[in-house]
Amino acid sequence: MLIAPIGWARPVPIRPGQFRHRRLGVIVTAAAGPCSNLVIAAASFGVLRAMQPYTYGLLGTVLGILFEINLALFVLNIIPIPPLDGSRILYELLPYRQAAAYSRLEPYGPWILLFVFLVPSLNAAFSDLVYLLMSWFYGT
């Protein structure tokens with residue numbers, strides 16, 4: 001990713017002017033990605049729990065990985081750093097002046113995101129948040 005844009009997500013183009021309620025439409029559209037990750041994580045966890053005695057095979061491993069990856073993607077996508085979905089949601093929730101100031105952060109967003117994951121303490125905070133959510137699912 002540092003050399004070529006391989007693996008870097010491309011933003012989905014939307015036309016906010018086409019929404020009946022522009023701000024709400026953008027918020028719902030931006031929240032769709034993280035919510036789908038949460039639904040997939042919950043569904044894979046539900047199937048994993050339902051087949052509890054049989055979770056030691058390949059299917060159990062795949063479901064566990066699917067759960068963990070989608071939970072991590074949920075947490076990642078709600079971080080309010082451009083170009084992540086959380087930044088779109090925050091932008092629409094902010095008053096106009098603050099939103100305009102926040103939008104100036106957009107060109108630096110990928111670099112900020114890279115910095116967050118390269119600094120060990122920030123990376124550990126992200127991991128801790130993912131594990132906290134996982135513990136809520138597991139009930140421990």
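Analyst: A cavity is a set of points, on a 1 Å grid over the protein atoms alone, where a 1.4 Å probe fits but cannot get out, and its volume is the space filled by probe spheres on those points, which are joined across faces, edges and corners. In this structure, the largest cavity holds about 50 Å³ of space. Before we go on: this is a predicted model, where local features need pLDDT of at least 70 and side-chain atom pairs pLDDT 80 or more, while totals for chains, interfaces and linings use all residues. Residues are numbered from 1 along each chain as its sequence is written, and side-chain values use heavy atoms, without hydrogens or water.

User: Which residues line the largest cavity?

Analyst: Lining residues have an atom within 4 Å of a point. Here they are Pro82, Ser87, Arg88, Tyr91, Tyr102, Ser103 and Glu106. Helices α3 and α4 each supply at least two of the lining residues, and α3 gives the most, with three. (Helices are DSSP runs of H or I, at least four residues, numbered from the N terminus.)

User: Which residues in α3 and α4 meet?

Analyst: Contact means heavy atoms within 4.5 Å. From α3 come Ser87, Leu90 and Tyr91, and they meet Ala99, Ala100, Tyr102 and Ser103 in α4.

User: What about α1 and α2?

Analyst: α1 (residues 22–50) and α2 (residues 58–77) pack at about 155 degrees, with their axes 8 Å apart. So α1 and α2 are roughly antiparallel to each other too. On the α1 side, the contact includes Pro34, Leu38, Ala41, Phe45 and Leu48; among the α2 residues they meet are Gly60, Leu63, Phe67, Leu71 and Phe74.

User: Which peptide bond is cis?

Analyst: As a general idea, most peptide bonds are trans. Here, the bond from proline 82 to proline 83 is cis, with omega near 10 degrees. Look for proline 83 in the loop between α2 and α3.

Definitions and conventions: Axes fitted to C-alpha atoms, helices over the stretch in contact; angles between N-to-C directions. Parallel < 35°, antiparallel > 145°, perpendicular 65-115°, else oblique. 1 Å grid on protein atoms, 1.4 Å probe; cavity = no way out; pocket = protein on both sides within 12 Å on 5 of 7 lines; lining within 4 Å.
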